[in-house]
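Please examine the sequence and the three-dimensional structure shown below. The explanation after them is intended to be read with both at hand.

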Amino acid sequence: MSEMLHYDFMRIALVMAVLIGLTAPAVGTFIVQRRLSLLGDGIGHIALTGIGLGLLTSTSPVLGALVVSVLGAVAIEVLRARSRSGADVALALLFYGGLAGGVILTNANGGGSASLQSYLFGSISSVTVADLYVVAGLAAAVLAIIALFGRELFLLCQDEEVARAAGLPVRFLSVLIAATAAVTVVISMRAIGLLLVSALMIVPVAAAQQLTRGFWSTMLAAMGVGVLSAVSGLAGSFQYDLPPGPSIVLLALAVFVLAVGGGSVVRRRRARAVAAGDAVRAGQGAETRVDGEAEVLRG
Amino acid sequence: MTAPPPLAMTGGLVRRDGREVLAGVDLRVAAGDVLAVLGPNGAGKSTLVKALLGLVPLAAGRAEIYGEPPARFRDWKRIGYVPQRLPMGGGVPATVREVVASGRVARRSRWRPAPFADRAADRAAVDRALKAVGLTASARDSAHLLSGGQQQRVLIARALAGEPDVFVLDEPTAGVDAGSQAALASTLHELARDGRTVVLVAHELGPMEPLITRTVELGHGRIVREDAVREPLGRPA
């Protein structure tokens, strides 16, 4: 463990892993709530075209990916709002176009399969301090958006009609959440790779909700799982010379499997506690709190 | 000049797949009314209340909320909408309290960030709403694990938490146990006494029947019958 801290790129990559582990599941909580678990995948496909454009115009691949994936995310929201049924196929077309276009553009640039591979599955040996600043800035922006608009986004993801009847700018918030997901894809692509990026948005949330009862506690637990799997996956990939993205994702999946097991135990215990609590309430006519879970209440 | 009514519709027409779901409806909901919208399945009851709030676009005619078309209406904290059911299960769990607290969102100024919100007032309103529907003890439970009737009470509490002047409830009694129906009736009674305006879509009225001041019956997208049943209970808010 201490050996890898001797390398500059590993120190940078570890800080990056913490940032990715925090942001991806935080955004993912809203994405799962909206039942758009595959949104991140689609944006990842589209982002590849951005990378190709960035390489081709010899600007920055990250900037290209950022611009194209945010535009793609906005397009997805517009399509979804237009029609539910037509959107499905339109989205698929957008995704395939993005992936195919990205591969062609990267090749046209003479990038070849090695550089393509590093974008698709992640590569951390080449990260620089400048990359870290970009990722840190974007991660701060994503977390700030969640802090500022969290309650509105929560209601939107619960029920779009109620959100509209509460006077919320539904279209703006929908685009905001998709654009935030796009930014998260760009943040994570360096370490995890575009094909697996959305796993870190979804898997930690799926793991956390086995054990939690509330939305904000799910988000916090998912962020914990995200950091844990990103950091240890990165360390493991350094130790055993494995690609970082798949290592991180497999670790997150392992946590999920453990959480499913733990969740069934917790639920059984809770059911017993509730039954006991009901008996107490029925006997004394008093309200008793039976749970010990810390409630995460947001202002 | 008299104040504009909370909800009004003139010649409201809604088409879906070429069929007229709402075929020219005129309706005026006065402040303090407890209006029941009745009718068989597919008569257009839900469409009517959604169109009143601008959630379903009108192909012709106009809807007004306090005298403004829904697209221009800004004072949404005066409106509390209770949809037909909790679109939950799967997704991410949320506690009863979290769902109810989200009803306060319309009370916040749009660009005032969460950290500066008036937490004490929010908390008090959420506590009152939970108490009103009898769910105080379940505040920390996952909402999607509750029974259908209890979930319906969560949705009503969410609207109550926003402390609106107008409540629009879409089938609050559908598939709801007797206990929850009674809880709903007593909540409505308090609202009516406070002079709030209530629009209620229902199949059958059950224990809420004594509270209703007006009924409108829909059939095939038209109003087929209108009755003024009794005087409002409270002074209009």
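The following paragraphs treat each chain in turn and then the contact between them.

The structure is a predicted model. In chain A, the secondary structure comes to 11 helices and 0 strands. Read along the sequence, its elements therefore follow the pattern α-α-α-α-α-α-α-α-α-α-α. Chain A has 299 residues, and 48% of them count as buried. Among the contacts in chain A between residues at least 6 apart in sequence, 74% join residues at least 24 apart.

Helix 1 of chain A covers residues 8-33 and has 26 residues. From the first C-alpha to the last, helix 1 of chain A reaches 38 Å, close to the 38 Å expected at 1.5 Å a residue. What follows helix 1 of chain A? The helix is followed by A:Arg35, whose phi is positive, near 60°. A:Arg35 is a residue other than glycine. This value deserves attention because most residues other than glycine have a negative phi. A:Arg35 is found in the loop between helix 1 and helix 2 (39-56) of chain A. A:Arg35 has 13 C-beta neighbours inside 10 Å and so counts as partly exposed; a residue would need 20 or more to be buried, and 12 or fewer to be exposed.

Helix 8 of chain A, residues 170-192, contains 23 residues. At 1.5 Å a residue, helix 8 of chain A should span 33 Å, and its end C-alpha atoms are 31 Å apart, which agrees. Helix 8 of chain A also has a kink of about 25°, centred on A:Val186. Is helix 8 of chain A largely enclosed or largely exposed? Of its 23 residues, 18 are buried, so helix 8 of chain A is largely enclosed by the rest of the structure. After helix 8 of chain A comes A:Gly193, with a positive phi near 95°.

Attention now turns to chain B. Its secondary structure comes to 5 helices and 9 strands. From the N terminus on, the elements of chain B run β-β-β-α-β-β-α-α-α-β-α-β-β-β. Chain B has 237 residues, for which a compact globule would have a radius of gyration near 18 Å; the value for chain B is 17 Å, which agrees. The C-alpha trace of chain B spans about 45 × 40 × 40 Å along its principal axes. In chain B, 49% of the residues count as buried. Of the contacts in chain B with a separation of 6 or more, 72% are accounted for by residues 24 or more positions apart.

Strand 1 (residues 7-16) and strand 2 (residues 19-29) of chain B run antiparallel and are joined by 8 bridges. Within this pairing, B:Arg16 stands opposite B:Arg19 in strand 2 of chain B. The hairpin of these two strands has 2 residues between the strands, and B:Asp17 takes a positive phi near 50° there.

The hairpin of strand 8 and strand 9 of chain B has 2 residues between the strands, and in it B:His220 takes a positive phi near 50°.

A positive phi is found in B:Tyr66 as well, near 45°. B:Tyr66 lies in the loop between strand 4 (60-65) and strand 5 of chain B. With 18 other C-beta atoms within 10 Å, B:Tyr66 is partly exposed.

Note on methods:
Residues numbered from 1 in each chain as written. Chains lettered and ligands numbered in written order. Predicted model: local features only at pLDDT ≥ 70, side-chain atom pairs only at ≥ 80, totals over all residues. Pairing = 2+ DSSP bridges. Helix = DSSP H or I, 4+ residues; strand = E, 2+ residues; numbered from the N terminus. Rg over C-alpha atoms; globule rule 2.2 N^0.38 Å. Contact = placed C-beta atoms within 7 Å. Expected span 1.5 Å × (residues − 1). Bend = angle between axes of the 7 residues up to and from the residue.
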